[in-house]
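I opened this structure for a first look and kept notes as I went. The entries follow the order in which I looked things up.

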Amino acid sequence: MVDVEPRLEDVEKIRKELEVKLGNIARRIEYVSGAGLIVEVPKDSIRDTVKVVHDELDAYLRVIAGVDERLIKGVFSSYYVFGLDNIGLNIIITTYMDPENPSIYTIADIAPSADWYELEMYDLLGIRVKNRQLYRFVLPEDWPEGLYPLRKDVAHNIRPPPTPAGKGAITGPRIPVGPYHPALHEPEYFELYVEGERVVDVRYNGFHVHRGIEKLGESRFTYQQVPFLAERICGICGFVHSVCYTQAVENAAKIEVPERAEFIRSIILEVERLHSHLLWVGVACHLLGYDAGFMHAWRIREKTMVLAELLTGSRKTYGINLIGGVRKDINRDKIDTVLKTIKWVEDEFRKLVEVITSVPQVVKRTSGTGILPKHEARRYSVVGPVARASGLNRDVRKDYPYAAYKHVSFKVPVYTEGDNLARLLVRVDEIFESINIIRQLLDQLPSGPIMAEDIEIPKGKIGVSSVEAPRGEDIHLVITGKGRPYRWRVRAPTYQNIPALKVMLKDAPLADAPLTIASIDPCFSCTDRVIVVDVSTRKRKIISLRKLVKLEGNGCMI
Amino acid sequence: MLLQVSLIVISFIIIVLLAPVLDGIERKIKAKLHSRVGPPTIFQSWYDILKLFSKELVLPEGGYIAPILVGLLYTLVLVTLILMPYGFPNPLTLGLPDIILLLVLIIALQLLWSTSALASGNPYATVGVFREAGLGLVNEFFLALGLIFLTLVTGSQEFAGLTRMTTPRLAYALILLSLAIACYVASGRIPYDIGEAEPELASGVLIEFSGPILGLALHAHYLKRAILYGLVANLIVLPLYPVLGPVFSVIAFLAAMIVLWIIFAIISIVLARSRIDLAPRGLLKIYLPLAIAYSILGYIGV
């Protein structure tokens, strides 16, 4: 079954509103079920269109996907997916570019979260984004110029020899946090520039572990193999990615998934959330120097892994998902054990939360630190607990219902403080909500098959699906091809949340920086999924926050 | 005199050997409270130090002076240890004002500890040292103030003065409390281990040390804790010296030190780390009322 569609009268209202506001700019405004309202505009009108959608309709940017469609339509194209979360509708602005010299105007000054997407389009597809500074972002510095790995004429297994990178030195005192650092469990690099103990500047250098997953999915794997590849995008929220991918294909191909399979997917997704949030609570305690909380959170977390093993056969990376359904059923005996286990988890975690929130340093160091005000949260289109802690009631499970979430009732915890404590409390509340959701789903688990019978995937269809990962919304965009996706765009929640760290870290004490970075629950392997190269970067460019803010003020983002 | 010197030498050897064992016991207790198994034996900290000594000497880039400073630190720790009281006044101080002597030695230890870290030039270590210095501004001031008031209350600049106290005094109890807190903070325990804060500074002051230098620094660190807790243990046991006599005083002193170590360990397990701007302010809120109280009580002779 495809995701729950928005109400047709809502779609019609927005369509008419767009027709009026865009006038004759739009070449086509059409609702495509399983994707959203497609608005096709000439590339030179992209800024005007985005202004209408982002500023006037109050939609938030969900993902931008550049596509090399030269083999199909003879052009490069770009899909800007905006979300109207109050009615659960995607507005997909589509534009086509010249096949020889693709270029488009920036929208990063209108929607700041477009910054990374534009850099990525330039890096991986060679689409020049005009009126902004472009620099090497995803690919390493020694990757040859003019070789764009996501173009269809570039083989997936290409290994170009490194080109010499220029030498450049950084001056001034700085505190490196990464690529290897106790506060980061994955290789990533934050350079914090400090005056005394105050952070005055932050530089993020990511994408150290690119694995070329999108390219592999588009050129090497088949439709039914990709779910297993997608699950390996992340070691913690892998199932989210596999569900998101399968749903995107199911939406594109209009495949009816049996209801029982949808329930099983939702149950496993919530078990995964329990695991992830408990892991995070432990990490947060450790960063606060409260190792007792760390160890006890992980003691409870262990049970959720046992639970996952019971339901899927694996403690993590479950591998039970396929397009059309799931591979493993849940029987009566398992249900009883699951109910007992989640009761234990609930009781133990409740006790732990009481203890953690009574430690004076935990409360002092989390409240009022790493603040992300609501307007900044909206501007950066942040997602998940980060958004909910800053007063945005944004949860894909409610806004764009998928799988079996339409059958359960649950609360979306929203706090307005926007600080580290609020993000902690959102996750704590969500743990109890997840337990509640699992109980409801097990209670209502319907009988029937767990796999669709006829699976046919036509070519050239577009499907968009989103899943509420523990870190926020995960979104996959698929354009179907022959035997495998023609384009598979993955956008993990961390990708959307990291840019907002600039706001959270600025002028904060150094001691709070690791906690604030961790408070978005960053998942770097999700974010770094683009290409494999041995990094030996010597030349680096410093982009200061001040410069960034200044340039933003001038209507131009770097 | 001979008995006392012999007891000092034996206790000195016991403490040198015991300090890493106490750390091992602390690790076991910590593991128990964390619901972990912890290290295989209580001698794990000794095994760690011995293993570090078996490794090659790697000097931090540009920090060639670091091993010399750590060596000096270790020597100073041993000197302080041998000159401190052991439940009875130490005759090796040769009648010097040994309360002031111990204060000077402890402050010198803290300074040398920071300086040896600063020698590496590592930015994490630098931030760590500045944090320790910031915290030390408050903590060492009140450590010194407590000891100076101790000399005023007992009327002597020697620990021998404590043995002559005949009646229990409230001012003395408050000074003892203030000094116990100061020693807890100076021993680098959570929430006041901000100079070594692992998540943000990757062990801060210790970051550039490895192999034998780290082994030496760690042993010095454990011994420094023994000295600080020993100071508090002395303040408890010394007034009882006339009753207990030298042998039982030493036993009581060692027992008090071990108990204090374990109590402090448990306190540090149930708390989280503070922050450089919060910690000194928080400490001031504790120290100031205490200092005012013991100075007034001391003045009126209660």
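I took helices (H or I, at least four residues) and strands (E, at least two) as DSSP runs, numbered from the N terminus. I counted two strands as paired if DSSP finds at least two bridges between them.

Conventions. I worked on a predicted model, where local features need pLDDT of at least 70, side-chain atom pairs count only at pLDDT 80 or more, and totals for chains, interfaces and linings use all residues. Residues are numbered from 1 along each chain as its sequence is written, while chains are lettered from A and ligands numbered from 1 in the order in which they are written.

Entry 1, the sheet. In chain A I found an open sheet of five strands with mixed pairing, ordered S1-S2-S5-S4-S3. S1 (28–32) and S3 (60–69) of chain A each have a single partner strand, so they are the edges and one side of each lacks a neighbour in the sheet. On average, neighbouring strands of this sheet are turned by 20° against each other, direction ignored. I took axes as lines fitted to C-alpha atoms, for helices over the stretch in contact, with angles from 0 to 180 degrees between N-to-C directions.

Entry 2, one strand pair. S4 (residues 75–84) and S5 (residues 89–97) of chain A are antiparallel and share nine bridges. Gly83(A) is opposite Asn90(A) of S5(A).

Contact here means C-beta atoms, placed from the backbone, within 7 Å. Helix H1 (residues 8–22) of chain A packs on the sheet and touches S1, S2 (36–40), S4 and S5 of chain A, with its direction at about 170° to that of S1(A). Helix H3 (residues 114–125) of chain A also packs there, touching S3 and S4 of chain A, and its direction makes about 10° with that of S3(A).

Which residues is Ala284(A) in contact with, leaving aside its neighbours within four places in sequence? I listed Leu424(A), Leu515(A) and Ala518(A).

I counted 11 helices and zero strands in chain B. Its radius of gyration (over C-alpha atoms) is 19 Å, close to the 19 Å from the globule rule (2.2 Å times the number of residues to the power 0.38) for 302 residues, so chain B is as compact as a globular protein of that length. The C-alpha trace of chain B spans about 55 × 45 × 40 Å along its principal axes. Of the contacts in chain B with a separation of 6 or more, 79% join residues 24 or more positions apart.

Notes
Two residues are in contact if their C-beta atoms, placed from the backbone, lie within 7 Å.
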